[in-house]
Each structure stands twice: as structure tokens, then as C-alpha cells.
Amino acid sequence: MTSDAVRERDWGTPSSHNSEAPCCQHHQRFPHGYPPQGPQEIMKLKLPNPGLEDRILNHDELERLEVEEAGDRPKWDNKAQYMLTCVGFCVGLGNVWRFPYLCQSHGGGAFMIPFLILLVFEGIPLLHLEFAIGQRLRKGSVGVWRTINPYMLGVGIASMCVSFLVSLYYNTIIAWVMWYFFNSFQEPLPWSQCPINANRTGLVSECERSSPVDYFWYRETLNTSAAIDDMGGLQWWMILCLISAWGVLYVCCIRGIETTGKAVYVTSTLPYVVLTIFLIRGLTLKGSFDGIKFLFTPDLNELANPTTWLDAGAQVFYSFSLAFGGLISFSSYNSVHNNCEQDAVIISIINAFTSIYAATVIYSIIGFRATERFDDCLSGNILTLLNTFDLPEGNITESNYQEVLHSLNSTNSDIISNLNLKTCDLNSFLSEGVEGTGLAFIVFTEAITKMPLSPLWSVLFFVMLFCLGLSSMFGNIEGVLVPLQDLKVFPKSWPKEVISGVTCLVCCLVGLIFVQGSGNYWLALFDSFAGSIPLLIIAFSEMIGVVYVYGIDRFNEDLIFMIGHKPNIFWQATWRVISPLIMLAIFIFYFSTIVTKEIFYIAWDPESENFPTLEKKPYPSWIYVIIFLLAGVPSLSVPGTAVFRAIREYCCKKHPSAPVQEIDSVSYKVHIQDVEPKSQKSQKSDQKLYT
Amino acid sequence: MLAGVLLLIFLPPLVAKDLCKDSQDGFKVRLSIKTGLGDDAYEWNESEMFLFRSTLAYAMRKHSNQDTYTIDNILVCNDTQRVSFVFVVTSTDDPDQLIPKEQVELAVRQNKHRINNAFLLSDMTLEFMGIPPTLSAPIIYDTEPWLIVFGVVIGAVAVGIVALLMSTVSKKRRAKEKAAGLSEEDEGIVKENGTALSSLGRKEGVYNQAFSNDDRFTKL
């Protein structure tokens, strides 16, 4: 009887939130504390969003939370941990093996122009947006979108799905890196020479026809089957490597950012050390400057090609690891007055710098390898000529090769034509543009075998790749674990260690797909479809959600509260118009390319005619179901959840006697100090007094 | 008379040359001294050829276990600037008869490393056309090196997981003990406001008659 009165008393909190009715309240709070001022404010596009006030902490509550350090959310030990974690998440394997290839194939130095322009207009605004919204709403991706509007929960769920799918295959790549790392502790390196066949008569045929590095990668590492249909069975050595990869990840993520924050001191800084060592080593090798020159020689004609701009946009987007939800999570552990604008700019600059630095290092080594190949090719030709014509050694050198060949051709052209001399062209060796796993596991490993002290360089290189991959995995796993906790998938009583353990175990078991014989093809499939289209949709929805559903005005107010000044015209323009348009353009391009083009995969088939060239094979028809699951399910969950929720609301309205569900408001949930026990005991005492 | 003497002197080499040139039992040899030794390359001259013939004679001796082979049993021809030539081996009993190809091949194969070392060359730079180099035996490890490194890494991971889990468990236990200890302390200070009903239930609790619902004494 008097309990209602008791509860309605103000317990001294400045908030006047009424925790009873979920939708009605008796003060209408305006975003700035004053009513809309004039027509221009009313005309600003803002979608209706009732109840937003109830779902978020207002600025005073945030300040209180900050000062009293109440609340049970984990926190960063210091700013450096946060910066290193974000840098580690953004800087990943793509900076090392995708950017250099794009740079070289799209006009070298000229590629910097679209890359930097799109970095400024697409990357930085999106990054700032994610940081700011996470820091303001202090929740993971699912929590943030549910808070902004319950109908936008789908965006959070989509982020979680994408993070999950990407974690699966990304850790398999780390498992491959670990396998190469394990095998680097021997001299000579196992991929430097072909093994001898069973009856000791010669080298293994598959190796002899291709090359030792190809053989080691495709046969001894992957044991790849010839087609994606052919499952090929589980490869036991890869299972061990997969277990070790997930084990290391579990140790680092066991308690969330408490343990991750310590691990990033090593995983985020070591790659830079190794890159510098490789740069110094690379510059002392013959041919490295040719490689760097080849990389950066600008070809301004490429700027007219729209593919260049679209590839640059896609690279900026994927390289920042946006839309995974991890960055929102990391930012939510910050103090409320952290300068997220400065952080976004700094991290973007570091990311761009790392891409360019890594490209320089990679191409110095590729230049060395190409020069070695060219020299080998030329010496082979010279030797053939010397042997055929019994000329003394040293008669034909690299300098006079062309003239001698010419003179011999004029006199004995028929013999020359029978010799099948190879054409040796340095540029063709340099532009054997390789990207992705081929760059790391074939091209670079071959270059390492030609350097003195190969095991040392091999160990350093694979440690660097391991650290790059692991620090990105921290963000991916964060993007899976925090939504799972927010969605209450696991019982609350389970400790954090058990939740992360169960997640890692499930991912490890599902990841066994990728250690089969056809695992490599599955991985390429996942990479093309799970990690591309859904992210673009999520990012676009994020921008629309924050700018138009949450409200750009409220967002500006929040930023004034958090960092002290209103974001300037650059941010306003990019958030409202420019960045969403760029995302839309990239999405339309990607979607149309995938839908119209016939998709195929490249397979290592020793029985094919063009072996050792990889063979293009079409996908079997059942693959389209898998592609739909990979790309369609996360993308469709964005509108799907909204529809599902609308249907549920509609059904709920029809039965008003349905039990009152958990109230979705702040003071019900946030246990600020001793409000709860206070209310309990005062209730009891009051009851006794008034009985 | 003089002609006859001259013929006698020059006939053997001429005959020898014919034996060498047209024979089926000869092997072509090719040396790539500059490629193999670079700046330390020596010049190919008669003395080096002498060494070659003597090493081949040595090889034949070892193979046939006959100490009768001499340098004169090894005939050389088709000498080129490339440093390549053809050689044949004559039999010790009959200088006009040649040792068959297979025998010579076996002899060379058995002693290839000695022949290589005499010239500071390798299988790539001292080639006998038609005799492929024997492949070196593959290195067989007792335990593969990668398994050792894997064991180290997995061991470190397991130790890390156990240590972290133990520290969590011990932290929780300490927190529980602290909470239990605190409520014991509270017993002395009568602090109704701070204790919930559940903690009172564990111990005797303070019996405060003012708030008691016990109506033992107020039976009507």
C-alpha cells in the first residue's frame, strides 16, 4: 500500500528518471534542456525514436559514474593499453599482404592519392563515430544498437555474426603461420629443397614440376585436395597447430581486457621491430632498390580507372576493422572524457603509415627475390650457350649476353632455336604480383631461403605475422564475446573464464572445416563472402543509425560533453553525407560484381594440364547455399530483427495482460552503489513502522 | 728405316686418339672451374689434366681391386676451351681393348666424392655426362624439430591457462573469506542497517526485542 510511495521518493540522485512505466514519463526532457529553436532545427532529418531518454544515461549520471568509479564495467589500466589494442586490431595481415599488392598493381605511388583521400573521407569519420558512440553509451555493439533503438538490434547481431565467421578463418591463418614458425627451427629449411622420392631415384615428381616452396605449402602444409568437393580428411598436424592457435588466443583473452591489455604490449609493438630489422636487412641485399622503385613508380593513368578508387576504398574500410563491433567495445571501457577525436586521427595515421612502411619492406625483399630469379635465369641461359658451343667460361657475361646471343643467332639460328632459351625479364619477375597467403607462404619464404642465416629470418618473419594476426583476433573475439554476454546467451553465474573458454572451444571445433584437405578453398570462400558485403551493410546502417536515428544533434551534444568542443564542419559533413555515400557506392559496386560475375576458385591440381599454374574451377551448385548463409544471414539480420521485433510488439499489444517484462530503463539496471540494499531494508523498516 | 722408327713412335698416340675419338665407351667430362671457385679458380693446363687422369686411374684401381692401372690407361681427346673432353679407359692387359662403359660408370660413381675433392669442385661443377649424381640421403630426425617447438608452445599455453585459472579461483576464495570475516566483525557493532536477512540467518544474530514479532509474552 505505501510501497509505491516509498519507491517514488527521490533517493538523492539528480536523475528524475521514473523507473516504473517503460514508455510514459511525466517530464519530457529535451536534448539540450530547451525546446527546439526555430524551423531549421525541426527540419533537420531525424527519425522518430521514442524512449531514447530512458535507455541512456544522461550526462550527469555519466559524470557521477566517472567520479565515483561505480559500475562494474572493466577499464583500461592506462591509455597506452587502449591505443595499442586499437592499433593492433586495425593493423593486421592485410597491411602486409594486401596493401603492397594493391599499391603495385594500381600504379605504384599514384595509388597513394586515392588511398589517402578515402582514408580522410571514409576511414577517419567512421572510426571517430565508432569510438564516440562506444564511449558515450558504454556498451558493446549489441548493447549500443539496442539502446539507440530496439529495432536496430539487428546491426549488433550482424556484427556479432560477422566477427564470429571471420574469427573462424582468421585463426586458421594464424595456425598456418604457427606451422611455418614451428618448421623454421631447422637448417636447411624444409621448403628450400625438394624431398627425394620413395625409391631414392630422384626428386618427388610434384615438387620437381613446380618448386620446393609450392610443394611445401600445398602438399606438406595443406595437403590440399584437387577440388572443393573433395573433403580430403583432417590433417593431423594442422589440427595440432589449430589447437595451439586457439590455446594462445584463450590465454590472452581469458579475462577480457584485463589479460588482453597486457598481451598487446608485445603483440602490437613486435611487428614494428621486426619490420625495421627486415628493412635494414632488405636494403643491404642486391636488387632491393629495384623492388622499391617498382613499387612506388607512379602511373597517373591508373587514377582514371574506377577500379583503383573502389579498391582503395575497400582497402581503407577493411583495413580499419570497422563494423566488427570490437572498436565500439574497446572504446566503451574508456573514461567518459577521453578525447576520442584525437584517438581516431592518431590511429588512422598510424594505420596508413604502417601500410606504407610494410609495403616498402615487402617490396625490398621481393625486389631481391626477383633479381635472384633473373640472375638464375640468365646464368642458366649463359651456361646452356657455353655448353652447346664449348666456349670458355667467362666469355659470355650478363653484360655482353645480348650481343653474343645475337651474333650466335645469325650464324647458328637453328641450334639456338632448339635450345629453348628462357626469356629473362626483371619487370615480369617483379610484377608476378602476389597477394594474400601466396605472398607470405610462397614468395617470401622463397626469398628467405636465398638469404644467409635463413632460419633466423624465417623465425622473425613468422613471429611478426603471428603477432599481427593475434592482435587482430583480440578485436574479433571481443566482438563475439561481448554481444553474447549482452544477449544473455550464457547464464549470469558463469565466470568470464568459462564463457571465453566455451567460445574458443566452439570456434576451434567449427574451424576444423579449414584443416581438411579442401580447407584452403573454404577459407577463400569465407574470406570473399563473410568478410565483405555484410560489413559494408553494417557500416552504412551504423552511420544512418547514429546520425539519423540517434540524432546528430544529440551526438554533437554528447561530443561537447565528452571532449569539450563541438565537432567541426568536416565531421558534420562526412558523418551526414560523404561517408554514407562512399559506403553506398562501394557496396553497390561489390554487390553488382559478385552477382553478375561468374564465381570460381583457383585450385592446386597436380593432374591439370597447366600444372603448376593454379587452375580455375567453377563452384558446385550447393556452394550457393553456403554463400547465402555466409553473406545473407548477417546482412538480412539487420532488417530481419526489426521485422521480428515489430511482429512481437504487435502480438504483445493484442494481449495487454501479458506479464510486465523486465523494464528496459537505466535505474532499474545500473546498481549505483547501495541503492538496492537501501531500498530493500528501508522497505522492511517502513513496513514494520506502519504495520 | 727412319720412317719406320717415326711411325713406331707416333703410332700409339694416333691409335690411342682413334680409340678415344670413335669409341662408344667414352664419357664426356665438363668442368666449370670459374663457376665453382670464382676468384680462387685455377687455370686448366697439362698438369691439371695429369691430375685428372691419375684420379681416374685411382678410381679404376679401387673399383677393380687391381693395382695395375696406370695413367697411360686413361686416354683423353676432344679437348675444348670450355674445359670439356672425352676420356676412355684401356684395359691393363691389352692396350687396344677398352673397359666397358658400365664398369667405368660404376668406378666413377663409387669415387665421385674423391674426384670432386681433388679438384675442389662439386657434382654441379664437375660433370660426367651420362652419370647422374647420386642423391644425398635425406636427413632423418628422431623427433621432427617442429614437434619439439610445438611441445614447448603448448606447454607454455597450458601453464598459462592453469596459472590464470588458479589465480581467479584463489582471488574468489579470498574475497569470500573477506566477506565472511567482515560479517563476523559486524556482529560486535550492532548495525542492523547493514546486514541482510540471509547473513543473520547463518549465525545466532542479535535478538532485538523491540522489533520482534514474537508474541510469547503477549498471549491474550
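Colleague: Is A:L468 buried or exposed?

Modeller: In this predicted model, A:L468 is buried, because its relative accessible area is 4% and the cut-off for buried is under 20%.

Colleague: Where does A:L468 lie, and what is A:L468 in contact with once the neighbours within four places in sequence are left aside?

Modeller: A:L468 lies in helix α24 of chain A, which covers residues 454-486. With those sequence neighbours left aside, A:L468 is in contact with A:G88, A:V91, A:G92, A:L93, A:V96 and A:P271.

Colleague: And A:S472, buried or exposed?

Modeller: A:S472 is also placed in helix α24 of chain A, and A:S472 counts as buried because its relative accessible area is 4%. Beyond the neighbours within four places in sequence, its contacts are A:G88, A:F89, A:V91, A:G92 and A:Y170.

Colleague: Which residues does the UniProt "binding site" annotation cover?

Modeller: According to the unreviewed UniProt entry, the "binding site" annotation covers A:G88, A:V91, A:N95, A:S319, A:N351, A:L468 and A:S472. These residues are spread over 385 residues of sequence, yet they cluster in space, with a largest C-alpha distance of 12.8 Å.

Colleague: Staying with chain A, what does A:Q315 touch, not counting residues up to four places away in sequence?

Modeller: A:Q315, which is found in helix α17 (residues 306-319) of chain A, touches A:G94, A:R98, A:F99, A:L102 and A:F115 on that count. A:Q315 counts as buried, since its relative accessibility is 7%.

Colleague: Now helix α23 of chain A: how many of its residues are buried?

Modeller: For α23(A), 11 of the 13 residues are buried, so the helix is largely enclosed by the rest of the structure. Among the buried residues are A:F441, A:F444, A:T445 and A:E446.

Colleague: What do those buried residues pack against?

Modeller: The buried residues of α23(A) pack against several helices of chain A, including α10 (153-182), α19 (340-389) and α24.

Colleague: What span should α23(A) have, and how far apart are its end C-alpha atoms?

Modeller: At 1.5 Å a residue, the 13 residues of α23(A), which are residues 437-449, should span 18 Å, and the end C-alpha atoms are 17 Å apart, so the two values agree.

Colleague: Changing topic, how many aromatic pairs does a search of the whole structure find?

Modeller: The search finds 59 aromatic pairs over all chains. One of them is A:F490 with A:W494, whose ring centres are 5.6 Å apart and whose planes are at 35 degrees, so the pair is tilted. A:F490 is buried at a relative accessible area of 16%, whereas A:W494 is partly exposed at 36%.

Colleague: What about the rings of B:F52 and B:F85?

Modeller: The rings of B:F52 and B:F85 have centres 5.0 Å apart and planes at 80 degrees, so the pair is edge-to-face. The pair links distant parts of the chain, with B:F52 in helix α3 (residues 46-64) of chain B and B:F85 in strand β3 of chain B, 33 residues apart. B:F52 is buried, with a relative accessible area of 0%, and B:F85 counts as buried at 0% relative accessibility.

Colleague: So which residues of β3(B) are on each side?

Modeller: B:S84, B:V86 and B:V88 are on one side of β3(B), with B:F85, B:F87 and B:V89 on the other, and both faces are covered, as these residues are all buried. As background, side chains in a regular strand alternate between the two faces of the sheet.

Colleague: Which strands pair with β3(B), and in what sense?

Modeller: Strand β1 (residues 27-31) of chain B pairs with β3(B) in the antiparallel sense over 4 bridges, and B:R30 stands opposite B:S84. Strand β2 (residues 74-77) of chain B is also joined to β3(B) by 4 bridges and runs antiparallel to it, with B:C77 standing opposite B:V86.

Colleague: Which residue takes a positive phi in the hairpin of β2(B) and β3(B)?

Modeller: B:N78 does, with a phi near 55 degrees, in a hairpin that has 6 residues between the strands.

Colleague: Last one: over the ring of which residue does the charged end of B:K101 sit?

Modeller: The charged end of B:K101 sits over the ring of B:F27, 5.1 Å from its centre, and in chain A the charged end of A:R554 sits over the ring of A:Y550, 6.0 Å from its centre.

Key:
Residues are numbered from 1 along each chain as its sequence is written. Chains are lettered from A and ligands numbered from 1 in the order in which they are written. This is a predicted model: local features need pLDDT of at least 70, side-chain atom pairs count only at pLDDT 80 or more; totals for chains, interfaces and linings use all residues. Side-chain values use heavy atoms; hydrogens and water are left out. Buried means under 20% relative accessible area, exposed over 50%, partly exposed in between (1.4 Å probe, protein chains only). Helices (H or I, at least four residues) and strands (E, at least two) are DSSP runs, numbered from the N terminus. Two strands pair if DSSP finds at least two bridges between them. UniProt positions are given in the numbering used here, feature names are shortened, and annotations may be inferred rather than shown by experiment. Contact means heavy atoms within 4.5 Å. The expected span of a helix is 1.5 Å times one less than its number of residues. Rings of Phe, Tyr and Trp (its six-membered ring) pair if their centres lie within 6.5 Å; planes under 30 degrees apart count as stacked, over 60 as edge-to-face and the rest as tilted. A charge sits over a ring if NZ of Lys or CZ of Arg is within 6 Å of the ring centre and within 35 degrees of the ring normal.
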